[in-house]
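Subject: Structure handover

Hello,

Here is the structure we talked about. Please open it first, then read my notes below.

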2 protein chains.
Amino acid sequence: MAQSDTVDRILDAAEELFAERGFSETSLRMITSKAKVNLAAVNYHFGSKNALIHAVFARFLTPFSATLETAFDELEDSCKGKPASLNQTLWALTESAVRMPQRTDKGISIFMRLLGLAYTQSQGHLRKFLEDEYSEPFSRFMRMLKEATPQLSAVDRYWRIQFMLGATAFTMSSSDALIEILENKIGVDTTVQEIAARLVPFLAAGMQARDAMLIPPPGSMVSIA
Amino acid sequence: MAQSDTVDRILDAAEELFAERGFSETSLRMITSKAKVNLAAVNYHFGSKNALIHAVFARFLTPFSATLETAFDELEDSCKGKPASLNQTLWALTESAVRMPQRTDKGISIFMRLLGLAYTQSQGHLRKFLEDEYSEPFSRFMRMLKEATPQLSAVDRYWRIQFMLGATAFTMSSSDALIEILENKIGVDTTVQEIAARLVPFLAAGMQARDAMLIPPPGSMVSIA
DNA sequence: TCGCGCTTCAAACGTATGTTTCAAACAGAC
DNA sequence: GTCTGTTTGAAACATACGTTTGAAGCGCGA
């Protein structure tokens, strides 16, 4: 058997465990026993636990950023000079995420949850790794968002982008649980695609909200809009 | 010296370290050495590390939920039977958070970051503790949101609430890092209060977006609804 | 068949963690 | 001052972690 078998089994197990428990809370022994692989295999093939974390991210982030690049290329081509609209930009992103070739049916939610963890868990090495390797498509997305929302100040745009990221990462990372809760509550089944279809208008509306910054006089909870 | 001194010093140190590093990544030895207290004091006064985590949350969540209850009471009184508006409800929440008596200037951001961590880090015991102790104001908030958005279907409202929670938890849990990034990028300093002031209009606009599932995806993604 | 990389394996290493122990120090009542 | 219950202190405990070791196993060209 080629090494790829062991390597992939480790990556699969690590991906799933990281997504459901976080990085520090997942030990190499959990990973190797789930992958049915010897403990030392991780350090043999990857070098360290941190390097394994990087490999897990690289495995899905590399194809995703390629998909994203072509989606952005196509979008900009079809716009012929004019900047793409906010809706178009958001759809290009979500479509790339949703249409990514998935290894399992849980693929998209694992994907999202890992991204959320990368942002949330203050793992310095991870942040640095992601910045070094994948800053380009991210910057490009930011540039397109900027062109799509010229009415916003840089500061407003910055924060609203964070809000969008949060709503997306949080919801998608818990999509399985949230879908199940809704099923038990109202009896409606939902797909990840449908969540995305509901998310995009929410984000677009938030992004284009008026009156970004009207701190209300203290003590009075006067409506803003 | 009364015990309260040691207890409070432990709580102060734990709160700060938890907020900036997470729970698993913060050891009791870090806490006790920052608090200038003997290692065994934690287990003596609190019983265990998990119990200490609960105590940290209880110390700020108990006054907060009381503040929140009265804010909601006042809001409902001032509305005399009519349901409160979405903006009013959201502002009542954020104002309660922002106006909480703070122990330090970093109080509010620590508060927010801990809440974000509670949501994000899947610490089973913490989730259970929070559900057991503080579910009531949360349910009440949900009820008010429902009355403030009668135009939404139950399913739309459900997802949009998740989007709101995500944007809030995610942004607030990383508020320090995000503020610092913006500072380095544009040279603008920001307070947590300002973030909240920007967040509320974003959330309200997203919550009230029209045509939840209508926008035709460009690039010929098959329509969903 | 031998020899040589590459890979697996069981075992151990050193370190860090949460927790426990038990004697010493302390504070307040009598 | 002495006794009593509470709090602190230094040290040890058992366990879990990431990592390293060195021998055994394997596949394959010579």
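One term first: a residue is near a molecule or strand if one of its heavy atoms lies within 4 Å of it. This is a predicted model, where local features need pLDDT of at least 70, side-chain atom pairs count only at pLDDT 80 or more, and totals for chains, interfaces and linings use all residues. Residues are numbered from 1 along each chain as its sequence is written, chains are lettered from A and ligands numbered from 1 in the order in which they are written, and side-chain values use heavy atoms, with hydrogens and water left out.

**The DNA**

DNA strand D is surrounded by 16 residues. The closest are L28(A), R29(A), K49(A), T6(B) and H45(B). Of the atoms of DNA strand D that come within 4 Å of the protein, 50% belong to sugar and phosphate.

A polar backbone atom of L28(A) lies 2.8 Å from a phosphate oxygen of DNA strand D. For K49(A), an N or O atom in the side chain is 2.8 Å from a phosphate oxygen of DNA strand D. For the side chain of N43(A), that distance is 3.4 Å.

The surface near DNA strand D has five nonpolar, eight polar and three charged residues. (Ala, Val, Leu, Ile, Met, Phe, Trp, Tyr, Cys and Pro count as nonpolar; Asp, Glu, Lys and Arg as charged; the others, Gly among them, as polar.)

**The two protein chains**

The area buried between chain A and chain B is about 5600 Å². Carbon and sulfur atoms give 71% of that. Buried area is the accessible area (1.4 Å probe) that two parts lose on being put together, summed over both.

The rule finds two salt bridges across this interface. A salt bridge is a side-chain nitrogen of Lys or Arg within 4 Å of a carboxyl oxygen of Asp or Glu. One of them joins D156(A) to R198(B), with the closest N and O atoms 2.2 Å apart.

Best wishes

Key. A polar contact is a pair of N or O atoms within 3.5 Å; within protein, one must be able to donate a hydrogen and the other to accept it, and residues adjacent in sequence count only if both atoms are side-chain atoms.
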